[in-house]
Amino acid sequence: MAIARKRQVSLVDTKYYHCISRCVRRAFLCGEDRFTGQSYEHRRGWVEDKLGELAKVFCIDVCAYAVMSNHTHLVLYVDDKKANRLNDKAIVIRWHKLCKGTLLTQKYIQGEKLSKVELIFFNQTVKQYRERLASISWFMRLLNENIARRANKEDNSTGRFWEGRFKSQALLDEAAIAACMAYVDLNPIRAKMANTPEESDHTSAQVRLICAKEGKQPKQLLRFAGMSRQIMPKGLPFELKSYLELVELTGRAMREDKHGHIDNMTLPLLERLNISSENWLKLTTQFTRVFHGAVGRPASQEGYCENLNRKRRANISNCAKLFA
C-alpha cells in the first residue's frame, strides 16, 4: 500500500528529497521510439525549462536531475524558512506566476482596499499559497501536469501520461544526499547513453561542469556550500570539486572494461562520509533497487520515523550495511 505523502515528508529531519516520475506503459517522455522511428528528444528541453521556471517561483531548489527516456530523477531541497520569511505580497506575486489566483488576490495586487471580511479570507488564501510554495507535491504536480499536457497535445492523445503519482525518498543525512545525487547524475552513463559526465546531456552534472570551467556555479541549481558551515546548511554540504571528482571516479568504476570497484584513489569526500568504496559503488548504481523509502544512517532513521509516528523502518538493514 502506498504511504501518504504527509507521512513521507518531515522537514524537521531533512529538507532533501529524491523524486522519480515514470511514464505510463510504453509512453515516451524523450528518446526515440524504435517501432515508429519518431524522436521525442526535444521533450528533454521541456523538462529542463519547466524545472528552471518552477525553481525561480517555488521555495524549492533543484540539487540534481536527470531526464531519461521514460522517467525523470530529481533531488530537491525544500526551503520552508524562505517561504515563511516572504511577505504576503511576495507570496501572492509568486503564486500568480503559476496560477491565476482568486478575485481577492487579484484585487489585492491591483492595490484595491479589502474589507474586514475579505481580509479574513485573503489571509487564509495567502497561508495556503505559502504552504504550497514549499510543497514538493505542488512542485511535482505543476511540473508533471505541464509536460503531460504538452506531450498529449503533440501526440494527439488523451488520458494518463505518467504512471501514477511521483515516488519520493527522504535523504536523511549527507551520506544519503551524496549517494543519491551521484546515482542521479550517472544515470545516462549506466544506461550507456553517454561515456562521461560532461557528455551526459540533460543532467545537473553536465550543467555544473560547464559552469565550473568558468569558475562559477549554476544559478538554476542549489550551490555547493562545503563542509565548513553547519550540518545540513542551505547549500549542499560538500565541496564542488570533491563531488565532481567523485562522480567522475565512480563513472570510471562502472565501465565494462574496469573492475567493479573504485581504485585506491580514495577521495576526501568518501573519507569524510565514512563509506567504503565497495558500498559506494553499490549505492550509486542500485540506489532505487536497494532503497524504497527514506534513506540515511540508522541514527537518522530513528528521528525521522519518530517524528512521523512510523513504527516500521524501511531500508534499516540496507542502510546499516551500505552506509557502514
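Is Phe139 buried or exposed? Phe139 is buried, with a relative accessible area of 0%, where buried means under 20% relative accessible area, exposed over 50% and partly exposed in between, computed with a 1.4 Å probe on protein chains only. The structure is a predicted model, in which local features need pLDDT of at least 70 and side-chain atom pairs count only at pLDDT 80 or more, whereas totals for chains, interfaces and linings use all residues. Residues are numbered from 1 along each chain as its sequence is written, and side-chain values use heavy atoms, with hydrogens and water left out.

The protein chain holds 15 helices and four strands, these being DSSP runs numbered from the N terminus (helices: H or I, at least four residues; strands: E, at least two). Of its 324 residues, 52% are buried. Among the contacts in the chain with a separation of 6 or more, 66% are between residues 24 or more positions apart, a contact being heavy atoms within 4.5 Å. The chain exposes about 17100 Å², and carbon and sulfur atoms supply 49% of this area, which comes from the Shrake-Rupley method with a 1.4 Å probe, only the protein chains shown counting as cover for residues.

Helix H7, residues 174-185, has twelve residues and reaches 16 Å from its first C-alpha to its last, close to the 16 Å expected at 1.5 Å a residue; the expected span is 1.5 Å times one less than the number of residues. Twelve of the twelve residues of H7 are buried, so the helix is largely enclosed by the rest of the structure. The buried residues of H7 include Ala179, Ala182 and Tyr183, and these three are touched by Thr284, which also touches Arg190 and Thr250 when residues up to four places away in sequence are not counted. Thr284 lies in helix H12, residues 277-285, and is itself buried, with a relative accessible area of 0%.

In helix H9, residues 204-212, the residues Ser204, Ala205, Gln206, Val207, Arg208 and Cys211 are buried, and what covers the buried residues of H9 includes E2, H7 and helix H10 (240-253).

We now turn to the aromatic rings. Rings of Phe, Tyr and Trp (its six-membered ring) pair if their centres lie within 6.5 Å, with planes under 30 degrees apart counting as stacked, over 60 as edge-to-face and the rest as tilted. By this rule the count comes to nine aromatic pairs. Phe58 and Phe139 form one that is edge-to-face, at 5.4 Å centre to centre and 75 degrees between the planes. This pair links distant parts of the chain, since Phe58 is in the loop between helix H1 (43-57) and strand E2 (60-67), Phe139 is in helix H6 (residues 136-155), and the two are 81 residues apart. Phe58 is buried, with a relative accessible area of 1%.

Trp95 and Trp138 form an aromatic pair that is edge-to-face, at 5.4 Å centre to centre and 75 degrees between the planes. Here too distant parts of the chain are linked, with Trp95 in helix H3 (residues 88-96) and Trp138 in helix H6, 43 residues apart. Trp95 is buried at a relative accessible area of 2%, and Trp138, at 18% relative accessibility, counts as buried. Ring pairs link Trp95, Tyr129 and Trp138 into a cluster.
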